[in-house]
Amino acid sequence: MSLRHESHAFSLAGKTILVTGASSGLGRQTAISCSRMGAQLVISGRSEERLQETFAALEGAGHDAIRADLTIAHERDALVARMPPLHGVVHAAGVQRLSPIKMLSETLLREVFDINFVAPVMLTQRLLYHAILVPASSIVFITSISARAGTAGVGPYAASKAALHGMMRCLALEQAKRRVRVNCVVPSAVETPLWDDRLLAQAARHPLGVGTADDVANATIYLLADASRWITGTELVMDGGAVAVS
Ligand SMILES: NC(=O)c1ccc[n+]([C@@H]2O[C@H](COP(=O)([O-])OP(=O)(O)OC[C@H]3O[C@@H](n4cnc5c(N)ncnc54)[C@H](OP(=O)(O)O)[C@@H]3O)[C@@H](O)[C@H]2O)c1
């Protein structure tokens, strides 16, 4: 069902939003849900085929889909060159790689940081430098509860997301004069292609069960919409009560 209330604080009507990682999982659902709230979308991902599947599921007209590997600087620049003025960006592209630190390779560590940290930070830098993000726009990073609670084997991934938290607070202060807001959505386990059968084991430690991509999309819509106009520099934890248990 589509909710279109042009003057509603939670509406995204009149806003253009860039969503990375839109070819799968949380990015895909966020893009689709934003279109249902009236936004025009620019969606990005690496797989052209799966990006087009998302594109076909968007409601409304005037959307764009741009393939890009965000770890490659010239592909980020090409994406930015095609960007209309934006009222929001959702950084959902990311990977999870598991390795206990004792077995860690520098290659894996750099791979995780390149896509989870360097890519969203440098994409944001380009969008701000070229004034593509308009005043009072909203920047949302999809991070992870692993940035706040330790799990064996998740060190590189957890560190890449914690690095985003630290950067986000500084950026929020830098951009406050333009009323550009910067926040993180911090999910625990959500059923997406990121997971394999390890997800089943997660359910037991979440009093409300594991999350859905819709849950994350709805929280992200709130942070993109005018309803959250006073909120910046925050981490919105979504964990079905998991942290309350520990
Ligand atoms: N699922 C969870 O439980 C969970 C929990 C907390 C946080 N998160 C975070 O949420 C975000 C999305 O995760 P997900 O569960 O939706 O995973 P997913 O289904 O595997 O989707 C990951 C997305 O990232 C894109 N991506 C990966 N490497 C890229 C690159 N080099 N350049 C451009 N795009 C790239 C993928 O594009 P292609 O598929 O086209 O390559 C895909 O669209 C991630 O940052 C993840 O850390 C997920």
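Biologist: Of the contacts with a separation of 6 or more, what share comes from residues 24 or more positions apart?
Modeller: In this predicted model, such residues account for 68% of those contacts in the protein chain.

Biologist: And how many helices and strands are there?
Modeller: The protein chain has eight helices and seven strands.

Biologist: What about the radius of gyration, and what would a compact globule have?
Modeller: The protein chain comes out at 17 Å, which agrees with a compact globule, because 246 residues would give a radius of gyration near 18 Å. The C-alpha trace spans about 50 × 40 × 40 Å along its principal axes.

Biologist: What percentage of the residues count as buried?
Modeller: That would be 42% of the 246 residues.

Biologist: Let's do helix packing. How do α4 and α5 sit together?
Modeller: Helix α4, residues 106–129, and helix α5, residues 155–175, have axes that come within 9 Å and cross at roughly 25°. Angles under 35 degrees count as roughly parallel, so α4 is roughly parallel to α5. The crossing is right-handed.

Biologist: Which residues in α4 and α5 meet?
Modeller: From α4 there are L108, L109, V112, F113, N116, F117, P120 and V121. In α5 they meet P156, Y157, S160, K161, A163, L164 and M167. The contact of α4 with α5 divides into twelve nonpolar residues, two polar and one charged.

Biologist: Nice. How does α3 pack with α4?
Modeller: Helix α3 covers residues 73–81, and its axis is 10 Å from that of α4, at an angle of about 35°. Here α3 passes α4 in a right-handed crossing. On the α3 side we have R76, D77 and V80, which meet M122, L123, R126 and L127 in α4. That contact has four nonpolar residues, no polar ones and three charged.

Biologist: One more pair: at what angle do α1 and α7 cross?
Modeller: They cross at roughly 55°, with the axes of α1 (residues 25–36) and α7 coming within 8 Å. These two helices are therefore oblique to each other, and their crossing is right-handed. The contact uses G25, L26, Q29, T30, S33 and C34 of α1. On α7, the partners are A213, D214, V216, A217, N218, T220, I221 and L224. By type, the residues of this contact are seven nonpolar, six polar and one charged.

Biologist: Switching topic: where is I132?
Modeller: I132 is in the loop between α4 and β5, the latter being 133–142.

Biologist: Why does I132 count as partly exposed?
Modeller: Because I132 has 18 C-beta neighbours inside 10 Å, and a residue needs 20 or more to be buried.

Biologist: What does I132 touch?
Modeller: Leaving out residues up to four places away in sequence, I132 touches V80, M83, P85, L86 and L127.

Biologist: How far is T234 from M122, going by C-alpha atoms?
Modeller: They are separated by 20 Å, and T234 and M122 are 112 residues apart along the chain.

Notes. Residues are numbered from 1 along each chain as its sequence is written. This is a predicted model: local features need pLDDT of at least 70, side-chain atom pairs count only at pLDDT 80 or more; totals for chains, interfaces and linings use all residues. Axes are lines fitted to C-alpha atoms, for helices over the stretch in contact, and angles run from 0 to 180 degrees between N-to-C directions. Helices (H or I, at least four residues) and strands (E, at least two) are DSSP runs, numbered from the N terminus. Angles under 35 degrees count as roughly parallel, over 145 as roughly antiparallel, 65 to 115 as roughly perpendicular and the rest as oblique. A crossing is left-handed if the near helix is turned anticlockwise from the far one by less than a right angle, and right-handed if clockwise. Two residues are in contact if their C-beta atoms, placed from the backbone, lie within 7 Å. Ala, Val, Leu, Ile, Met, Phe, Trp, Tyr, Cys and Pro count as nonpolar, Asp, Glu, Lys and Arg as charged, and the others, Gly among them, as polar. The radius of gyration is taken over C-alpha atoms; the globule rule is 2.2 Å times the number of residues to the power 0.38. A residue is buried if 20 or more other C-beta atoms lie within 10 Å of its own, exposed if 12 or fewer, and partly exposed in between; C-beta atoms are placed from the backbone.
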